[in-house]
Amino acid sequence: MNTPKSTSLRNIVAAAACATLVSISTASIAADSNAPIKIPIKNWSSQIVMAHVIGGMFESMGDNVEYVPVDNQASFEATRVGDLSILHEVWQSTMQNAYYNAMEKGGLIDAGTHAAVTLEEMGVPNWVIEKGL
């Protein structure tokens, strides 16, 4: 039975596992280099926050981090060819085509998923409904 407490704990464990996976893979690539770990900055709040959380983890390990503003759709190819070091927060509903296309070309792997559920909704003013628009 999934209680809120067990679901929350499972989400925390999943997030920690993903963070560990990301840190191991990227840290091993950057271990023999002074080049910065390049983390994308996109145009929505949760992605920006997580970019800085991930960057802070690398900085706490002594790594050099660079935050790179990037167009969301272009970020997959940029990661694939090495212009970005990691990619996080991929929403299947709006990003899957660009993501999977880049993966099919090689040079980009899916390091895992998490149990967080996304919710995308749309709001309209009451008058739109009232006028039958």
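Which residues in helix 3 meet which residues in helix 4? I began this notebook with that question.

**Conventions.** I worked on a predicted model, in which local features need pLDDT of at least 70 and side-chain atom pairs count only at pLDDT 80 or more, while totals for chains, interfaces and linings use all residues. Residues are numbered from 1 along each chain as its sequence is written, and side-chain values use heavy atoms, with hydrogens and water left out.

**Overall.** I looked up the secondary structure and found five helices and two strands; helices (H or I, at least four residues) and strands (E, at least two) are DSSP runs, numbered from the N terminus. Along the sequence the pattern reads α-β-α-β-α-α-α. Of the 133 residues, 24% are buried (under 20% relative accessible area, with exposed over 50% and partly exposed in between, for a 1.4 Å probe and protein chains only). Among contacts (heavy atoms within 4.5 Å) between residues at least 6 apart in sequence, 63% join residues at least 24 apart.

**Helix 3 and helix 4.** I returned to the opening question: Asn72, Gln73, Phe76, Glu77 and Arg80 in helix 3 meet Thr94, Met95, Ala98, Tyr99, Ala102 and Lys105 in helix 4. These residues divide into five nonpolar, three polar and three charged; Ala, Val, Leu, Ile, Met, Phe, Trp, Tyr, Cys and Pro count as nonpolar, Asp, Glu, Lys and Arg as charged, and the others, Gly among them, as polar. I then noted the geometry: the axes of helix 3 (residues 72-80) and helix 4 (residues 92-105) come within 9 Å and cross at roughly 15°. Helix 3 is therefore roughly parallel to helix 4, a term for angles under 35 degrees. Axes here are lines fitted to C-alpha atoms over the stretch in contact, and angles run from 0 to 180 degrees between N-to-C directions.

**Thr79.** I placed Thr79 in helix 3. Thr79 counts as buried because its relative accessibility is 9%. Leaving aside neighbours within four places in sequence, Thr79 is in contact with Leu84, Ile86, Leu87, Gly107 and Leu108.

**Cores.** I listed the largest nonpolar core, eight residues in all: Ile37, Ile39, Ile41, Ala51, Ile54, Phe58, Val65 and Ile86. Strand 1 (37-41) and helix 2 (45-60) each supply at least two residues of this core. Another core, of seven residues, lies apart from it and includes Leu87, Met95, Ala98 and Leu108. A nonpolar core is a set of buried Ala, Val, Leu, Ile, Met, Phe, Trp, Tyr and Cys residues joined through side-chain atoms within 4.5 Å.

**Glu89.** I found Glu89 in the loop between helix 3 and helix 4. Glu89 is not a glycine, yet has a positive phi of about 60°.

Note on methods: Angles under 35 degrees count as roughly parallel, over 145 as roughly antiparallel, 65 to 115 as roughly perpendicular and the rest as oblique.
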